[in-house]
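Let's take a walk through this protein, one piece at a time. Keep the viewer open and turn the model as you read.

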Amino acid sequence: MNDSMRYAFVLGRVYTLSVAELAAVLERPDTSLGLAGGPVKILEASEEILIIETEKPLNAERLQKKLGGVIKILEVVDVVKKREQDSLNFSLKHFFKPSVLKKQFFKDYKGKSQFGVSVYILDGDLLKRPQPQQPRQGQKPMGDFGNIFSEPKRLGMMIKNALTETGLSCRLVLPEFNSLSLASVVVTKNLLLQKGAEICILAAKDKVFVSKTLTVQDFEDYGRRDYQRPARDEKQGMIPPKVAQIMINLSGCKSGETILDPFCGIGTLVQEGLLLGFRMIGSDINKIAIKGSEQNLEWFRNRYKIAPGKYGVEVSDACKVSDLIEKSKSEISGIVTEGTLGPIYSQYPRPEEIVKNFKDLTALYTKSFKEFSKFLPKQAKIIMCLPAYKQGRYDYQMFPGLDFAAELGYNLVDIIFPTLAKNLKFLKLTSRNTAIYDRKDQIVAREIVVFEKN
Ligand SMILES: C[S@@+](CC[C@H](N)C(=O)[O-])C[C@H]1O[C@@H](n2cnc3c(N)ncnc32)[C@H](O)[C@@H]1O
(Lines give C-alpha, C1' and ligand atoms only; values in the text may rest on other atoms or scores of the structure.)
Protein backbone atom coordinates (compact mmCIF):
# COMPACT_ATOMS: atom_id res chain seq x y z
CA MET A 1 0.00 0.00 0.00
CA ASN A 2 1.30 3.43 -0.87
CA ASP A 3 0.79 5.66 2.15
CA SER A 4 2.91 8.57 0.98
CA MET A 5 1.74 12.12 1.60
CA ARG A 6 1.58 15.09 -0.72
CA TYR A 7 2.17 18.66 0.32
CA ALA A 8 2.06 21.90 -1.63
CA PHE A 9 3.94 25.10 -0.90
CA VAL A 10 2.54 28.44 -2.05
CA LEU A 11 5.61 30.39 -3.15
CA GLY A 12 6.44 34.00 -2.33
CA ARG A 13 6.62 36.82 -4.87
CA VAL A 14 10.30 36.14 -5.62
CA TYR A 15 9.58 32.48 -6.34
CA THR A 16 13.08 31.58 -7.52
CA LEU A 17 14.39 32.34 -4.04
CA SER A 18 11.46 30.45 -2.49
CA VAL A 19 12.37 27.35 -4.51
CA ALA A 20 16.07 27.70 -3.64
CA GLU A 21 15.17 27.90 0.04
CA LEU A 22 12.76 24.96 -0.13
CA ALA A 23 15.29 22.77 -1.90
CA ALA A 24 17.93 23.63 0.71
CA VAL A 25 15.64 22.99 3.70
CA LEU A 26 13.71 19.94 2.48
CA GLU A 27 16.83 18.00 1.46
CA ARG A 28 18.49 18.34 4.85
CA PRO A 29 17.59 15.74 7.50
CA ASP A 30 15.63 17.25 10.41
CA THR A 31 13.42 14.98 12.47
CA SER A 32 11.69 17.92 14.19
CA LEU A 33 10.35 18.93 10.77
CA GLY A 34 9.63 15.35 9.64
CA LEU A 35 12.44 15.44 7.08
CA ALA A 36 14.52 12.35 6.39
CA GLY A 37 16.99 14.21 4.14
CA GLY A 38 17.98 13.44 0.57
CA PRO A 39 16.32 14.31 -2.71
CA VAL A 40 12.69 15.37 -2.53
CA LYS A 41 10.18 14.11 -5.05
CA ILE A 42 8.63 17.10 -6.80
CA LEU A 43 5.32 16.22 -8.45
CA GLU A 44 4.48 19.56 -10.06
CA ALA A 45 5.64 23.14 -9.82
CA SER A 46 4.86 26.56 -11.21
CA GLU A 47 5.63 30.16 -10.34
CA GLU A 48 2.87 29.93 -7.73
CA ILE A 49 3.14 26.54 -6.17
CA LEU A 50 5.38 23.50 -5.68
CA ILE A 51 3.94 20.06 -4.87
CA ILE A 52 6.02 17.31 -3.29
CA GLU A 53 5.52 13.73 -2.17
CA THR A 54 6.98 12.51 1.11
CA GLU A 55 7.07 9.17 2.90
CA LYS A 56 6.36 10.68 6.30
CA PRO A 57 4.17 13.53 7.53
CA LEU A 58 5.82 16.94 7.73
CA ASN A 59 5.55 19.25 10.71
CA ALA A 60 3.89 22.01 8.70
CA GLU A 61 3.66 24.48 11.55
CA ARG A 62 7.38 24.37 12.28
CA LEU A 63 8.29 24.40 8.60
CA GLN A 64 6.09 27.44 8.01
CA LYS A 65 7.91 29.38 10.74
CA LYS A 66 11.27 28.43 9.28
CA LEU A 67 10.63 29.32 5.65
CA GLY A 68 10.79 32.99 4.66
CA GLY A 69 9.77 32.27 1.06
CA VAL A 70 6.63 30.19 1.59
CA ILE A 71 3.22 31.83 2.00
CA LYS A 72 1.10 28.77 2.78
CA ILE A 73 1.58 25.04 3.29
CA LEU A 74 -1.19 22.80 2.00
CA GLU A 75 -1.95 19.13 2.23
CA VAL A 76 -3.13 17.49 -0.96
CA VAL A 77 -6.27 15.53 -0.16
CA ASP A 78 -6.93 13.98 -3.57
CA VAL A 79 -6.11 14.22 -7.25
CA VAL A 80 -8.96 14.42 -9.76
CA LYS A 81 -8.47 13.84 -13.48
CA LYS A 82 -9.45 16.65 -15.80
CA ARG A 83 -9.89 16.93 -19.54
CA GLU A 84 -7.94 19.80 -21.01
CA GLN A 85 -11.04 21.56 -22.23
CA ASP A 86 -13.00 21.29 -18.98
CA SER A 87 -13.40 23.98 -16.38
CA LEU A 88 -12.37 23.24 -12.80
CA ASN A 89 -15.94 23.51 -11.75
CA PHE A 90 -17.02 20.90 -14.27
CA SER A 91 -14.17 18.55 -13.38
CA LEU A 92 -14.98 18.69 -9.68
CA LYS A 93 -18.74 18.54 -9.83
CA HIS A 94 -18.85 14.98 -8.47
CA PHE A 95 -16.01 15.43 -6.01
CA PHE A 96 -17.41 17.70 -3.31
CA LYS A 97 -19.95 15.34 -1.84
CA PRO A 98 -21.18 16.29 1.64
CA SER A 99 -19.50 13.18 3.11
CA VAL A 100 -16.13 14.10 1.53
CA LEU A 101 -16.41 17.68 2.69
CA LYS A 102 -17.20 16.67 6.24
CA LYS A 103 -14.45 14.04 6.41
CA GLN A 104 -11.66 15.95 4.68
CA PHE A 105 -12.30 19.59 5.48
CA PHE A 106 -14.79 20.17 8.27
CA LYS A 107 -14.11 17.19 10.53
CA ASP A 108 -13.60 19.00 13.79
CA TYR A 109 -15.89 21.91 13.45
CA LYS A 110 -19.41 22.22 14.76
CA GLY A 111 -21.45 25.40 14.59
CA LYS A 112 -21.39 28.06 11.90
CA SER A 113 -18.29 27.57 9.85
CA GLN A 114 -16.43 29.82 7.43
CA PHE A 115 -14.54 28.55 4.48
CA GLY A 116 -12.63 30.02 1.59
CA VAL A 117 -11.71 28.83 -1.89
CA SER A 118 -8.46 29.56 -3.70
CA VAL A 119 -7.26 28.44 -7.08
CA TYR A 120 -3.56 28.11 -7.93
CA ILE A 121 -2.38 27.59 -11.45
CA LEU A 122 0.17 24.92 -12.38
CA ASP A 123 -0.06 25.54 -16.09
CA GLY A 124 -0.02 29.09 -17.43
CA ASP A 125 -2.15 28.10 -20.43
CA LEU A 126 -5.13 27.85 -18.09
CA LEU A 127 -5.03 31.62 -17.75
CA LYS A 128 -5.60 32.06 -21.46
CA ARG A 129 -9.30 31.98 -22.07
CA PRO A 130 -10.22 29.35 -24.64
CA GLN A 131 -13.47 29.90 -26.48
CA PRO A 132 -16.11 27.23 -25.93
CA GLN A 133 -16.68 25.13 -28.99
CA GLN A 134 -20.17 24.41 -30.15
CA PRO A 135 -20.74 20.64 -29.80
CA ARG A 136 -21.49 18.95 -33.10
CA GLN A 137 -24.88 17.45 -33.56
CA GLY A 138 -25.30 14.27 -31.57
CA GLN A 139 -22.17 15.00 -29.55
CA LYS A 140 -22.29 15.43 -25.79
CA PRO A 141 -21.59 19.02 -24.71
CA MET A 142 -17.98 19.52 -23.68
CA GLY A 143 -17.03 20.82 -20.26
CA ASP A 144 -17.79 24.35 -19.32
CA PHE A 145 -14.88 26.69 -20.19
CA GLY A 146 -15.91 29.98 -18.64
CA ASN A 147 -13.52 32.54 -17.34
CA ILE A 148 -10.94 31.14 -14.92
CA PHE A 149 -11.49 34.13 -12.60
CA SER A 150 -15.07 33.07 -12.03
CA GLU A 151 -13.97 29.59 -10.88
CA PRO A 152 -13.41 30.31 -7.16
CA LYS A 153 -16.92 31.72 -6.83
CA ARG A 154 -18.54 28.89 -8.76
CA LEU A 155 -16.58 26.27 -6.82
CA GLY A 156 -17.40 28.05 -3.57
CA MET A 157 -21.12 28.09 -4.33
CA MET A 158 -21.04 24.43 -5.27
CA ILE A 159 -19.37 23.55 -1.96
CA LYS A 160 -21.66 25.83 0.02
CA ASN A 161 -24.73 24.18 -1.50
CA ALA A 162 -23.40 20.73 -0.63
CA LEU A 163 -22.72 21.82 2.94
CA THR A 164 -26.12 23.43 3.32
CA GLU A 165 -27.69 20.14 2.23
CA THR A 166 -26.13 18.49 5.27
CA GLY A 167 -27.58 21.16 7.52
CA LEU A 168 -24.22 22.87 8.10
CA SER A 169 -24.50 26.62 8.06
CA CYS A 170 -21.48 28.36 6.59
CA ARG A 171 -20.07 31.61 5.26
CA LEU A 172 -18.04 31.67 2.07
CA VAL A 173 -14.95 33.90 1.72
CA LEU A 174 -13.75 34.55 -1.82
CA PRO A 175 -10.66 36.09 -3.43
CA GLU A 176 -10.82 39.73 -4.47
CA PHE A 177 -12.01 40.71 -7.93
CA ASN A 178 -9.57 39.48 -10.60
CA SER A 179 -7.65 37.34 -8.16
CA LEU A 180 -7.74 33.58 -7.89
CA SER A 181 -6.49 33.06 -4.36
CA LEU A 182 -6.98 34.40 -0.87
CA ALA A 183 -4.13 36.38 0.65
CA SER A 184 -2.74 34.87 3.86
CA VAL A 185 -3.99 37.93 5.76
CA VAL A 186 -7.57 37.15 4.64
CA VAL A 187 -7.23 33.52 5.70
CA THR A 188 -5.96 34.63 9.11
CA LYS A 189 -8.38 37.50 9.73
CA ASN A 190 -11.41 35.39 8.82
CA LEU A 191 -10.21 32.56 11.08
CA LEU A 192 -10.68 30.13 8.20
CA LEU A 193 -8.32 27.53 9.60
CA GLN A 194 -9.98 27.64 13.02
CA LYS A 195 -13.60 27.90 11.95
CA GLY A 196 -13.63 25.80 8.81
CA ALA A 197 -11.13 25.51 5.98
CA GLU A 198 -9.43 27.07 3.04
CA ILE A 199 -9.96 24.69 0.15
CA CYS A 200 -7.28 25.10 -2.49
CA ILE A 201 -7.62 23.84 -6.02
CA LEU A 202 -4.27 23.38 -7.75
CA ALA A 203 -5.00 23.25 -11.42
CA ALA A 204 -2.88 21.50 -14.04
CA LYS A 205 -3.96 20.86 -17.63
CA ASP A 206 -4.99 17.26 -17.09
CA LYS A 207 -5.58 17.03 -13.35
CA VAL A 208 -6.57 18.94 -10.25
CA PHE A 209 -4.94 18.59 -6.86
CA VAL A 210 -7.63 19.19 -4.25
CA SER A 211 -5.95 20.48 -1.10
CA LYS A 212 -6.54 22.10 2.25
CA THR A 213 -4.44 24.78 3.87
CA LEU A 214 -2.53 23.65 6.94
CA THR A 215 -0.67 26.87 7.79
CA VAL A 216 -0.18 30.40 6.49
CA GLN A 217 2.73 32.78 6.95
CA ASP A 218 2.36 34.92 10.05
CA PHE A 219 2.36 38.31 8.30
CA GLU A 220 1.78 40.18 11.57
CA ASP A 221 4.85 38.72 13.18
CA TYR A 222 7.04 39.53 10.16
CA GLY A 223 5.72 43.10 10.37
CA ARG A 224 6.61 43.31 14.05
CA ARG A 225 10.10 41.92 13.45
CA ASP A 226 10.61 44.58 10.79
CA TYR A 227 8.78 47.72 11.93
CA GLN A 228 8.39 47.48 15.71
CA ARG A 229 12.10 47.35 16.44
CA PRO A 230 13.34 50.32 18.45
CA ALA A 231 16.05 51.23 15.91
CA ARG A 232 15.75 51.53 12.14
CA ASP A 233 18.17 52.75 9.47
CA GLU A 234 16.36 53.99 6.40
CA LYS A 235 19.55 55.50 5.01
CA GLN A 236 21.63 52.32 4.78
CA GLY A 237 18.56 50.15 4.27
CA MET A 238 17.57 46.98 6.07
CA ILE A 239 17.04 43.55 4.68
CA PRO A 240 13.44 42.29 4.97
CA PRO A 241 13.23 39.55 7.65
CA LYS A 242 11.82 37.05 5.13
CA VAL A 243 14.82 37.50 2.82
CA ALA A 244 17.16 37.24 5.82
CA GLN A 245 15.54 33.89 6.69
CA ILE A 246 15.92 32.62 3.12
CA MET A 247 19.61 33.56 3.07
CA ILE A 248 20.27 31.86 6.41
CA ASN A 249 18.49 28.73 5.20
CA LEU A 250 20.75 28.70 2.14
CA SER A 251 23.86 28.61 4.34
CA GLY A 252 23.58 24.89 5.08
CA CYS A 253 24.59 25.58 8.71
CA LYS A 254 23.20 23.23 11.35
CA SER A 255 21.12 24.40 14.28
CA GLY A 256 23.34 25.54 17.18
CA GLU A 257 26.29 26.45 14.93
CA THR A 258 27.61 30.01 14.78
CA ILE A 259 27.00 32.32 11.84
CA LEU A 260 28.75 35.64 11.28
CA ASP A 261 27.27 38.77 9.71
CA PRO A 262 30.24 41.13 9.28
CA PHE A 263 28.10 43.99 7.82
CA CYS A 264 25.26 43.59 10.31
CA GLY A 265 23.79 47.13 10.31
CA ILE A 266 20.98 47.17 12.86
CA GLY A 267 20.98 43.40 13.17
CA THR A 268 18.20 41.93 11.00
CA LEU A 269 20.19 38.84 10.00
CA VAL A 270 21.38 38.39 13.58
CA GLN A 271 17.80 38.37 14.92
CA GLU A 272 16.51 36.03 12.22
CA GLY A 273 19.44 33.65 12.77
CA LEU A 274 18.63 33.55 16.49
CA LEU A 275 15.02 32.72 15.75
CA LEU A 276 16.16 29.85 13.51
CA GLY A 277 18.23 28.40 16.35
CA PHE A 278 21.75 29.59 15.48
CA ARG A 279 24.37 31.38 17.53
CA MET A 280 25.06 34.70 15.88
CA ILE A 281 27.92 37.19 15.75
CA GLY A 282 27.32 40.55 14.13
CA SER A 283 29.80 43.32 13.41
CA ASP A 284 29.73 46.61 11.57
CA ILE A 285 32.18 49.45 11.03
CA ASN A 286 29.57 52.00 12.10
CA LYS A 287 29.17 52.63 15.85
CA ILE A 288 25.63 53.94 15.46
CA ALA A 289 24.58 50.80 13.59
CA ILE A 290 25.98 48.64 16.40
CA LYS A 291 24.15 50.74 18.99
CA GLY A 292 20.96 50.15 16.97
CA SER A 293 21.73 46.42 16.79
CA GLU A 294 22.17 46.27 20.56
CA GLN A 295 18.85 47.99 21.18
CA ASN A 296 17.03 45.87 18.62
CA LEU A 297 18.48 42.61 19.86
CA GLU A 298 17.65 43.43 23.47
CA TRP A 299 14.04 44.04 22.41
CA PHE A 300 14.07 40.93 20.24
CA ARG A 301 15.61 38.70 22.89
CA ASN A 302 12.87 39.59 25.37
CA ARG A 303 10.04 39.35 22.93
CA TYR A 304 11.08 36.00 21.40
CA LYS A 305 12.51 34.43 24.56
CA ILE A 306 16.00 33.90 23.20
CA ALA A 307 18.30 32.31 25.78
CA PRO A 308 21.11 34.60 26.95
CA GLY A 309 24.59 34.27 25.48
CA LYS A 310 23.47 33.29 21.99
CA TYR A 311 24.76 36.38 20.23
CA GLY A 312 27.29 39.18 20.29
CA VAL A 313 27.55 42.39 18.25
CA GLU A 314 30.58 44.64 18.07
CA VAL A 315 32.13 47.44 16.09
CA SER A 316 34.63 46.11 13.58
CA ASP A 317 35.79 46.71 10.05
CA ALA A 318 34.94 43.55 8.06
CA CYS A 319 38.51 43.65 6.74
CA LYS A 320 39.81 43.11 10.30
CA VAL A 321 37.06 40.94 11.72
CA SER A 322 39.33 37.97 12.51
CA ASP A 323 40.48 39.77 15.70
CA LEU A 324 36.91 39.78 16.93
CA ILE A 325 36.39 36.10 16.06
CA GLU A 326 39.60 35.15 17.85
CA LYS A 327 38.57 37.13 20.92
CA SER A 328 35.13 35.50 21.01
CA LYS A 329 36.69 32.02 20.70
CA SER A 330 33.89 31.07 18.33
CA GLU A 331 34.01 28.62 15.46
CA ILE A 332 32.28 30.23 12.55
CA SER A 333 30.35 27.77 10.38
CA GLY A 334 29.17 30.23 7.76
CA ILE A 335 28.80 33.88 6.82
CA VAL A 336 25.43 35.34 5.87
CA THR A 337 25.48 39.03 5.14
CA GLU A 338 23.99 41.90 3.27
CA GLY A 339 27.26 43.61 2.52
CA THR A 340 26.99 47.25 1.75
CA LEU A 341 25.33 47.77 -1.64
CA GLY A 342 26.96 51.15 -2.23
CA PRO A 343 25.01 54.42 -2.43
CA ILE A 344 21.21 54.40 -2.47
CA TYR A 345 19.72 56.21 -5.47
CA SER A 346 16.44 57.94 -6.18
CA GLN A 347 17.43 58.36 -9.83
CA TYR A 348 19.27 55.99 -12.09
CA PRO A 349 23.04 56.61 -11.62
CA ARG A 350 25.34 57.56 -14.49
CA PRO A 351 27.32 54.63 -16.01
CA GLU A 352 30.62 55.97 -14.63
CA GLU A 353 29.14 56.08 -11.12
CA ILE A 354 28.13 52.43 -11.41
CA VAL A 355 31.63 51.51 -12.59
CA LYS A 356 33.15 53.36 -9.62
CA ASN A 357 30.77 51.70 -7.12
CA PHE A 358 31.64 48.26 -8.43
CA LYS A 359 35.36 49.09 -8.27
CA ASP A 360 35.11 50.29 -4.65
CA LEU A 361 33.09 47.26 -3.62
CA THR A 362 35.49 44.86 -5.35
CA ALA A 363 38.30 46.37 -3.29
CA LEU A 364 36.28 46.08 -0.05
CA TYR A 365 35.14 42.50 -0.69
CA THR A 366 38.61 41.39 -1.82
CA LYS A 367 40.01 42.52 1.52
CA SER A 368 37.07 41.08 3.48
CA PHE A 369 37.18 37.66 1.79
CA LYS A 370 40.92 37.48 2.45
CA GLU A 371 40.15 38.16 6.10
CA PHE A 372 37.39 35.53 6.23
CA SER A 373 39.87 32.90 5.01
CA LYS A 374 41.65 33.24 8.35
CA PHE A 375 38.80 31.57 10.25
CA LEU A 376 36.33 30.02 7.82
CA PRO A 377 36.56 26.22 7.56
CA LYS A 378 36.69 24.46 4.19
CA GLN A 379 33.29 24.07 2.50
CA ALA A 380 31.79 26.79 4.66
CA LYS A 381 29.43 29.01 2.70
CA ILE A 382 29.19 32.76 2.32
CA ILE A 383 25.71 33.93 1.38
CA MET A 384 25.71 37.59 0.46
CA CYS A 385 23.89 40.32 -1.41
CA LEU A 386 25.62 42.17 -4.22
CA PRO A 387 24.15 45.26 -5.86
CA ALA A 388 22.42 44.82 -9.23
CA TYR A 389 21.31 47.98 -11.02
CA LYS A 390 17.90 47.55 -12.55
CA GLN A 391 17.78 48.40 -16.26
CA GLY A 392 14.59 46.77 -17.50
CA ARG A 393 11.94 44.50 -16.09
CA TYR A 394 14.27 41.51 -15.75
CA ASP A 395 17.44 43.17 -16.85
CA TYR A 396 20.15 44.17 -14.40
CA GLN A 397 23.69 45.45 -14.56
CA MET A 398 25.33 43.00 -12.21
CA PHE A 399 28.55 43.10 -10.25
CA PRO A 400 31.19 42.37 -12.92
CA GLY A 401 33.31 39.19 -12.74
CA LEU A 402 33.58 37.56 -9.38
CA ASP A 403 37.21 36.65 -10.06
CA PHE A 404 38.31 38.27 -6.83
CA ALA A 405 36.56 35.46 -4.91
CA ALA A 406 37.88 32.67 -7.15
CA GLU A 407 41.44 34.01 -6.74
CA LEU A 408 41.03 33.86 -2.97
CA GLY A 409 39.78 30.25 -3.02
CA TYR A 410 36.00 30.66 -3.04
CA ASN A 411 33.79 28.95 -5.63
CA LEU A 412 30.58 30.50 -6.81
CA VAL A 413 27.86 27.90 -6.16
CA ASP A 414 24.61 27.58 -8.16
CA ILE A 415 21.79 28.85 -5.96
CA ILE A 416 19.62 25.95 -7.21
CA PHE A 417 21.09 22.56 -8.22
CA PRO A 418 21.44 22.51 -12.02
CA THR A 419 19.38 19.30 -12.34
CA LEU A 420 16.49 20.87 -10.46
CA ALA A 421 16.81 24.20 -12.29
CA LYS A 422 16.69 22.33 -15.60
CA ASN A 423 13.34 20.77 -14.70
CA LEU A 424 11.79 23.97 -13.38
CA LYS A 425 11.93 26.11 -16.50
CA PHE A 426 9.94 28.96 -14.96
CA LEU A 427 12.72 29.91 -12.52
CA LYS A 428 14.45 33.24 -13.08
CA LEU A 429 18.13 32.64 -12.58
CA THR A 430 20.87 35.01 -13.71
CA SER A 431 23.46 33.94 -16.26
CA ARG A 432 25.72 32.91 -13.37
CA ASN A 433 22.96 30.94 -11.59
CA THR A 434 22.35 33.43 -8.82
CA ALA A 435 18.95 34.97 -8.06
CA ILE A 436 17.78 38.56 -7.77
CA TYR A 437 15.57 39.97 -5.05
CA ASP A 438 14.09 43.28 -6.05
CA ARG A 439 11.22 45.57 -5.23
CA LYS A 440 9.16 47.45 -7.74
CA ASP A 441 10.53 50.95 -7.30
CA GLN A 442 14.09 50.15 -6.25
CA ILE A 443 16.95 51.11 -8.52
CA VAL A 444 19.48 48.93 -6.76
CA ALA A 445 18.29 45.33 -6.42
CA ARG A 446 20.00 42.60 -4.40
CA GLU A 447 21.71 39.73 -6.16
CA ILE A 448 21.85 36.78 -3.77
CA VAL A 449 25.12 34.98 -4.25
CA VAL A 450 26.43 31.77 -2.68
CA PHE A 451 30.18 31.13 -2.34
CA GLU A 452 31.86 28.06 -0.92
CA LYS A 453 35.36 28.01 0.49
CA ASN A 454 37.69 25.49 -1.21
C1 LIG B 1 23.03 47.52 3.80
S2 LIG B 1 23.69 47.76 5.37
C3 LIG B 1 23.29 46.27 6.22
C4 LIG B 1 21.93 46.30 6.80
C5 LIG B 1 21.59 45.07 7.60
N6 LIG B 1 21.52 43.91 6.78
C7 LIG B 1 20.28 45.30 8.33
O8 LIG B 1 19.23 44.72 7.92
O9 LIG B 1 20.26 46.05 9.26
C10 LIG B 1 25.40 47.64 5.11
C11 LIG B 1 26.21 47.88 6.34
O12 LIG B 1 27.58 47.69 6.00
C13 LIG B 1 28.34 48.51 6.88
N14 LIG B 1 29.73 48.63 6.37
C15 LIG B 1 30.19 49.35 5.33
N16 LIG B 1 31.51 49.16 5.18
C17 LIG B 1 31.90 48.30 6.14
C18 LIG B 1 33.12 47.70 6.51
N19 LIG B 1 34.26 47.97 5.86
N20 LIG B 1 33.14 46.85 7.54
C21 LIG B 1 32.01 46.56 8.23
N22 LIG B 1 30.82 47.13 7.94
C23 LIG B 1 30.75 47.96 6.91
C24 LIG B 1 27.56 49.82 6.93
O25 LIG B 1 27.88 50.55 8.09
C26 LIG B 1 26.11 49.29 6.93
O27 LIG B 1 25.58 49.24 8.22
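Before looking at any strand partners, one term: two strands count as paired if DSSP finds at least two bridges between them. Keep in mind, too, that this is a predicted model.

Pick out Lys-41 and you'll find its bridge partner, Glu-53, in strand 3. The link between these two strands is a hairpin, with 3 residues joining strand 2 to strand 3.

Strand 3 has another partner to look at. Strand 1 (residues 5–11) runs antiparallel to strand 3 (residues 49–54), and 6 bridges join the two. Here a handy pair to click on is Ala-8 and its bridge partner in strand 3, Ile-51.

What order do its strands come in? It's an open sheet of 8 strands with mixed pairing, and the order reads 2-3-1-4-8-7-5-6. At the edges stand strand 2 (41–45) and strand 6 (170–173), and each has a single partner strand, so one side of each is left without a neighbour in the sheet.

Helix 1 lies across strand 1, strand 3 and strand 4 (70–81), and runs at about 145° to strand 1. Helix 5 (residues 151–165) lies across strand 5 (113–121), strand 6 and strand 7 (196–203), and its angle to strand 5 is also given as about 145°.

The protein is divided into domain 1, covering 5–217, and domain 2, covering 233–453. Taken over C-alpha atoms, the centres of domain 1 and domain 2 are 35 Å apart. Where they touch, domain 1 puts in 16 residues and domain 2 puts in 20. Helix 1 (residues 15–26) turns up again here: with 8 residues, it gives the most to the side of domain 1 that touches domain 2. By type, that side of domain 1 divides into 8 nonpolar, 5 polar and 3 charged residues.

The axes of helix 9 (residues 241–250) and helix 10 (residues 268–275) come within 9 Å and cross at roughly 60°, and the crossing is right-handed. Helix 9 makes the contact with Pro-241, Ala-244, Gln-245 and Ile-248, while helix 10 uses Thr-268, Leu-269, Glu-272 and Gly-273. The contact residues divide into 4 nonpolar, 3 polar and 1 charged.

Last stop: the ligand. Which of the 23 residues around the ligand come nearest? They are Met-238, Phe-263, Gly-265, Thr-268 and Ala-318. As for the shell around the ligand, its residues divide into 13 nonpolar, 7 polar and 3 charged.

Technical notes: Residues numbered from 1 in each chain as written. Predicted model: local features only at pLDDT ≥ 70, side-chain atom pairs only at ≥ 80, totals over all residues. Domains from an automatic or database assignment. Contact = placed C-beta atoms within 7 Å. Helix = DSSP H or I, 4+ residues; strand = E, 2+ residues; numbered from the N terminus. Nonpolar A, V, L, I, M, F, W, Y, C, P; charged D, E, K, R; others polar. Axes fitted to C-alpha atoms, helices over the stretch in contact; angles between N-to-C directions. Near = placed C-beta within 6 Å. Left-handed = near helix turned anticlockwise from the far one by under 90°.
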